[in-house]
Amino acid sequence: MGDWFQHTIVATGRLSLFCFFVMLIVAFIATRINVRLIRAKVGWFRDVNVGEMHIHHVVFGVVLMLVGGVTQIVVAPASQTGHAVAAGVFGVGSALVLDEFALILHLHDVYWEEEGRTSVDAVFIAVAVTGLLLIGLRPLTWDYGTPLVNPAVLIVGNLALAVITLLKGKIWTGMAGLFVPPMLLVGAIRLARPGSPWARWVFARRSPRKMARALHREERWRRPAIRAKIAFQEFLSGRHDLPSTRRARRRT
């Protein structure tokens, strides 16, 4: 194990990335355990308040990201330990910020509401992308076995496929495809999801049949997958089952 870590992580210059990756996961799990205990009113676990003002943990996350980022800049380039520690601090701060990503997105406390699942999605994406970087994959570096093509052309082509895939509502395929671009070919060619911008622009008026196919596919295949993903997320992070106050305000 020690030899593997030395050769795979340290010798390849990925120690800082490894520390960021580990602390991102550990801090997210620890944060979710803490907020679930607060929600359940267990023991001394309470929100942080200054007077009547509740201090969200995103505030501590921003401070830690600032500390970790500045430390990375000022520490000596030869200090591998210093960079690793700074990356770990940055990982903790990133976990705290991403755990309240939905709050930043909506400018409203939706932590336990349905919209709050966006925060968990953001953490999962950050962990997945960092994990792919950690195993040595790099975005937009696939050459499709065509060495005669200018690399810049390949990068632009891959980016174009990524944009199409994301516009079709396939977020995970688009993110993973940045590291394995053949996935972008599949995502760009296949049918768009019915709620995606691509479906609204192309299917809604020009191709009702494709919209009907997209809706059928969404109900048959996508919905069960989403329910499974939500069940797994809520097993880790708690149930996001409070009624949306934002929707209630719209109705009134």
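1. A polar contact is here a pair of N or O atoms within 3.5 Å; within protein, one must be able to donate a hydrogen and the other to accept it, and residues adjacent in sequence count only if both atoms are side-chain atoms. The side chain of Thr165 makes such an approach to the backbone oxygen of Leu184, at 3.4 Å.

2. The structure is a predicted model, in which local features need pLDDT of at least 70 and side-chain atom pairs count only at pLDDT 80 or more, while totals for chains, interfaces and linings use all residues. Residues are numbered from 1 along each chain as its sequence is written, and side-chain values use heavy atoms, with hydrogens and water left out.

3. The protein chain contains twelve helices and two strands; helices (H or I, at least four residues) and strands (E, at least two) are DSSP runs, numbered from the N terminus. The order of elements from the N terminus is α-α-β-β-α-α-α-α-α-α-α-α-α-α. Along its principal axes, the C-alpha trace spans about 60 × 55 × 30 Å.

4. Of the 252 residues in the protein chain, 35% count as buried. Buried means under 20% relative accessible area, exposed over 50%, and partly exposed in between (1.4 Å probe, protein chains only). The chain exposes about 15,300 Å², of which carbon and sulfur atoms supply 68%; accessible areas come from the Shrake-Rupley method with a 1.4 Å probe, and for residues only the protein chains shown count as cover.

5. Contact means heavy atoms within 4.5 Å. Among contacts in the protein chain with a separation of 6 or more, 63% are between residues 24 or more positions apart.

6. Thr165 belongs to helix H7 (residues 151-167). Why does Thr165 count as buried? The relative accessible area of Thr165 is 0%, so the residue is classed as buried. Beyond its neighbours within four places in sequence, Thr165 is in contact with Lys170, Thr173, Gly174, Leu184, Gly187 and Ala188.

7. Gly91, in helix H4 (residues 80-99), is buried because its relative accessible area is 0%. Neighbours within four places in sequence aside, Gly91 is in contact with Phe20, Met23 and Leu24. The C-alpha atoms of Gly91 and Met23 are separated by 5.2 Å, although these residues are 68 residues apart along the chain.

8. Trp172 sits in helix H8 (residues 171-177) and counts as partly exposed because its relative accessibility is 36%. Which residues does Trp172 contact, leaving aside its neighbours within four places in sequence? They are Phe124, Ile125 and Ala128. Trp172 and Ile125 are 47 residues apart in sequence, with a C-alpha to C-alpha distance of 8.0 Å.

9. Val48, Val59, Phe60, Val63 and Val67 make a nonpolar surface patch of about 400 Å². Patches are made of residues with over 30% relative accessible area and no salt bridge, like charges being joined within 9 Å and nonpolar side chains (Val, Leu, Ile, Met, Phe, Trp, Tyr) within 5 Å; a salt bridge is a side-chain nitrogen of Lys or Arg within 4 Å of a carboxyl oxygen of Asp or Glu. Val67, in helix H3 (residues 57-74), is partly exposed, with a relative accessible area of 43%.

10. The unreviewed UniProt entry places the feature "transmembrane region" at residues 15-35, 55-78, 84-107, 119-137 and 149-167; positions are given in the numbering used here, feature names are shortened, and annotations may be inferred rather than shown by experiment. In the model, residues 15-35 are 100% helix and 0% strand, with end C-alpha atoms 30 Å apart. Residues 55-78 are 75% helix and 0% strand, and their end C-alpha atoms lie 37 Å apart.
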